[in-house]
Amino acid sequence: MARYINIVLLGIVLVVVRLKGAEAQRAFFVFGDSLVDNGNNNFLATTARADAPPYGIDYPTGRPTGRFSNGYNIPDFISQSLGAESTLPYLDPELDGERLLVGANFASAGIGILNDTGIQFVNIIRIYRQLEYWEEYQQRVSGLIGPEQTERLINGALVLITLGGNDFVNNYYLVPYSARSRQYNYQIRFVTSKVACCGQGPYNGLGLCTPASNLCPNRDIYAFWDPFHPSERANRLIVQQILSGTSEYMYPMNLSTIMALDSKN
């Protein structure tokens, strides 16, 4: 499973857009794939879903939330570090009124940089569509607080983009003879493997987590929850690097340094 961890780290881009001071409440916007999807796919007719146990087994409710994790995911921990509530999925009907001002999560499991990545999942929010929803979001907020305040909210926002892993996983691993794998003859080797917490087959490395899967008793000692997604513990460690990691992992600087510099301005 460790063969995917480089994609996890390389696929995360954190953007801070003209922060207005560390003490200010910032909207938080999330774009990307299943590493950061917190439930959008629950509202779609797709097989790329995490809406059945034991997903969410360690979430406060103990129930599946649409997160591809046993508990919290990367955006949750970032929101917690900022003292904010988690952003809701953009497709969630509860994302309305003042809740829009917290931000929104546009991510959708299965998508990639390429529009044809994840085609086997049929109905997912590909990245171009996430950006269309982003435009729609701004129009909704503008109707709520006016265009000038909306511009300030957007300019002071924190943006997380996690993208790229599925372009490899879906085109070379899950579908090894896809059109893309023939177009780009990339040899997969994503080097060592560990056992996933939840799955089936050798190393729990086949398929997604289901009620019939093998389930580890202690999720905190596993880097991977299922064959493709980090455990809650791993998500926490990833966010720790985002917040305070060295330039080896966070270039040119980590999020805490950026916020500290911004507060001085």
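Rings of Phe, Tyr and Trp count as a pair if their centres lie within 6.5 Å. The legends below describe close-up views of a predicted model.

**View 1. An aromatic cluster that includes Tyr90 and Tyr133.** One aromatic cluster is formed by Phe29, Phe31, Tyr90, Phe106, Tyr133, Trp134 and Tyr137, and a search of the whole structure finds 13 aromatic pairs.

**View 2. The edge-to-face pair of Tyr55 and Phe68.** The ring centres of Tyr55 and Phe68 are 5.9 Å apart and the ring planes stand at 70°, so this pair is edge-to-face. Both Tyr55 and Phe68 belong to the loop between strand 2 (28-32) and helix 2, so the pair ties together parts that are 13 residues apart in sequence. Tyr55 is buried, with a relative accessible area of 2%, and Phe68 is buried as well, with a relative accessible area of 5%.

**View 3. The tilted pair of Tyr90 and Tyr133.** Tyr90 and Tyr133 form a tilted aromatic pair, with 5.1 Å from centre to centre and 45° between the planes. Because Tyr90 lies in the loop between helix 2 and strand 3 while Tyr133 lies in helix 3 (residues 127-145), the pair ties together parts that are 43 residues apart in sequence. Tyr90 counts as buried at 5% relative accessibility, and Tyr133 counts as buried at 14%. Arg129 lies over the face of Tyr133, at 4.1 Å from the ring centre.

**View 4. Asp92, a buried residue without a salt bridge.** Asp92 lies in the loop between helix 2 (74-81) and strand 3 (103-105). Asp92 is buried yet has no salt bridge, and the nearest side chain of opposite charge, that of Arg99, is 6.3 Å away. The Asp92 side chain does, however, reach the backbone nitrogen of Glu94 at 2.9 Å.

Methods: Residues are numbered from 1 along each chain as its sequence is written. This is a predicted model: local features need pLDDT of at least 70, side-chain atom pairs count only at pLDDT 80 or more; totals for chains, interfaces and linings use all residues. Side-chain values use heavy atoms; hydrogens and water are left out. Helices (H or I, at least four residues) and strands (E, at least two) are DSSP runs, numbered from the N terminus. Buried means under 20% relative accessible area, exposed over 50%, partly exposed in between (1.4 Å probe, protein chains only). Lys and Arg count as positive and Asp and Glu as negative; His and the chain ends are not counted. A salt bridge is a side-chain nitrogen of Lys or Arg within 4 Å of a carboxyl oxygen of Asp or Glu. A polar contact is a pair of N or O atoms within 3.5 Å; within protein, one must be able to donate a hydrogen and the other to accept it, and residues adjacent in sequence count only if both atoms are side-chain atoms. Rings of Phe, Tyr and Trp (its six-membered ring) pair if their centres lie within 6.5 Å; planes under 30 degrees apart count as stacked, over 60 as edge-to-face and the rest as tilted. A charge sits over a ring if NZ of Lys or CZ of Arg is within 6 Å of the ring centre and within 35 degrees of the ring normal.
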